[in-house]
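Please open the structure in your viewer and keep the selection tool at hand.

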Amino acid sequence: MSRISRRHFLENALLMSAVASLSATGVAQAVSLRPEDDKVAANDLINVMIVGCGSRGGDHINGYLGDKRVRIAYLCDPDTEHAASRAKLVEDKAGYRPKVVADLREALSDPDLDIVSCATCNHWHALCGVWAMQAGKHAYIEKPICHNIFEGKALIECARKYDVMCQVGSQCRSNKAIQDAFEFARSGGIGEIKLTRGLCYKRRKSIGALGQYKVPDAVDYNLWSGPAPIVDPPTRPNFHYDWHWQRLYGNGDLGNQGPHQTDIARTFLGVDEFPSSVISYGGRLGYQAERNDPNYVDAGDTANTEVSIYNYADGKTLVFETRGLETPDYRGAKIGVVAHGSDGYLVQIAYDHCAAFDLEGKQIREFRGGGNHFKNFVDAVIAHDYASLNADARCGHLSAGLSHVGNISYYLGENNHVSVDEARKIVADIPGNDDNVETFDRTVEHLRANGVDLDKYPLSMGRALQIDPKTDSFVGDKEATAMETREYRGEFNIPSLDKI
């Protein structure tokens, strides 16, 4: 790693009680942020490469520019216009211009590069992290940490084998409001919690008609596609961002917004493993009514309405509700979590705001406060302390895994169209702690309120799947097992776990 000088650590020890010993790699075992007026030499800095220069990449830039211990040395994106725009942003704000590369492999051999910070499309997350860690770099990977279950396992293996920090971008975990709410729940503040509910009530309009469209001139499409097959021409009109709703690249909102809330929901529930079963139902519904065209086919192929029911081996249940059409809130939240306790309930209302209520709905506690997830990561890199990460690779794998198994259930039942009455009967027999019929009826009411004709465009009932929490794998279903990974393309292959 690039060196952090002993002189600064000794000075900081007097001022801020930092530990001044250097590790064999030249990184201190612990350090505090320097005073605002401290002058930092170039060779004191931790060098980072940000991979992916879209909207979330801009957040990474701002996050690292706010930390005087860090220098943005590289920006990487297969879209040269995105990369150039972000390089100018850094130059305007920081007074220096990072080196721009299209292929992250061009920078991984640089011995002064310490961190790779991944803000790419979902299908690139795991390979970016694997290559970075194999090169001895620490990795910050946006959620979902992986595009499929196998990739999550690969990232955990890499972090352990190469002894580097790997943090997933579940930034809620660094917020005081969430940390305090976790502690309140663990201390029995709302009694026993056997059911949590994640919510993604986030309006998502059609991404445009399924068709044939042009790759932007500034994009290296081979690099952009990476591990995924090359679809030529693309089938969505908006090349950037709308990949979220095509399963070759994204994971729908269950795997986009969802990992933030599945992460919080499973922590309130007190589970630290995969569920033992899952079933999902839903569809990509409502865009015919939205466009006033009964024959309209949206370019997305992930569900915009999806309810996933996860049961755990210890008798606990997690339900996740995805609604992409207009909808009212649920107990004060639209994008959040509700933890149902025996003595009350606790709601994550926003990333930095939670509130607890008694059984009659009277507020009994409130939790507020943000945090700095990037700082937590840099602190852990400097201390070389994996345990100090607020969201390590395994944490990211467990939370993203809920999205993956939920989507797999849906995909395997996508063509299993059922009437409302048939679906209600199936849902009524699903085990768990939720009133599944009440949740189902709210979902149907929501769809009908948005003009969805469920006779003409029926719900899909996903396949009930069994999971072994010891191996994070499906049991007794070859089709589901095959979907735990994907076929990788040539040079963009992720090696098997025994070859990482």
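Helices (H or I, at least four residues) and strands (E, at least two) are DSSP runs, numbered from the N terminus. This is a predicted model, in which local features need pLDDT of at least 70 and side-chain atom pairs count only at pLDDT 80 or more, while totals for chains, interfaces and linings use all residues. Residues are numbered from 1 along each chain as its sequence is written, and side-chain values use heavy atoms, with hydrogens and water left out.

**The whole protein**

Begin with everything displayed. The protein contains 16 helices and 18 strands. Its radius of gyration, taken over C-alpha atoms, is 23 Å, close to the 23 Å that the globule rule (2.2 Å times the number of residues to the power 0.38) gives for 500 residues, so the protein is as compact as a globular protein of that length. Along the principal axes, the C-alpha trace spans about 70 × 55 × 45 Å.

Of the 500 residues, 58% are buried. Here buried means under 20% relative accessible area, exposed means over 50%, and partly exposed lies in between (1.4 Å probe, protein chains only). A contact means heavy atoms within 4.5 Å. Among contacts between residues at least 6 apart in sequence, 73% join residues at least 24 apart.

**Strand S1**

Select residues 46–51, which form strand S1. Six of the six residues are buried, so S1 is largely enclosed by the rest of the structure. In a regular strand, side chains alternate between the two faces of the sheet. In S1, Ile46, Val48 and Ile50 point one way, whereas Asn47, Met49 and Val51 point the other way.

Two strands pair if DSSP finds at least two bridges between them. The bridge partner of Val51 in S2 is Cys76.

Next select Ser109, in the loop between helix H4 (105–108) and strand S4 (113–118). Is Ser109 buried or exposed? At 63% relative accessibility, Ser109 counts as exposed. Its C-alpha atom is separated by 43 Å from that of Glu306, 197 residues away along the chain.

Move on to helix H5, residues 122–134. Twelve of its 13 residues are buried, including Trp124, Leu127 and Trp131. After H5 comes Gly136, whose phi is positive, near 85°.

**Two cis peptide bonds**

Most residues other than glycine have a negative phi, and most peptide bonds are trans. Select Lys143 and Pro144, which are joined by a cis peptide bond with omega about -10°. Pro144 lies in the loop between strand S5 (138–141) and helix H6 (149–162). Then select Asp232 and Pro233, joined by a cis peptide bond with omega about 5°. Pro233 is in the loop between helix H8 (221–225) and helix H9 (252–255).

**Cys166**

Select Cys166, which is in strand S6 (residues 166–168). Cys166 is buried, with a relative accessible area of 0%. Which residues does Cys166 contact, leaving aside its neighbours within four places in sequence? Among them are Met133, Ile141, Tyr386, Leu389 and Asp392.

**Two residues with positive phi**

Select Tyr241, in the loop between H8 and H9. Tyr241 has a positive phi of about 70° although it is not a glycine, and at 35% relative accessibility it counts as partly exposed. Then select Asn292, in the loop between helix H11 (287–291) and S9. Asn292 is not a glycine, yet its phi is positive, about 55°. At 72% relative accessibility, Asn292 counts as exposed.

Which strands pair with S8?

- Strand S9 (residues 305–311) runs antiparallel to S8 and is joined to it by seven bridges; Ser280 stands opposite Ser308.
- Strand S17 (residues 465–468) pairs with S8 in the antiparallel sense over two bridges; Leu465 is the bridge partner of Val278.
- Strand S16 (residues 459–461) is antiparallel to S8, with two bridges between them; Met461 is the bridge partner of Tyr281.
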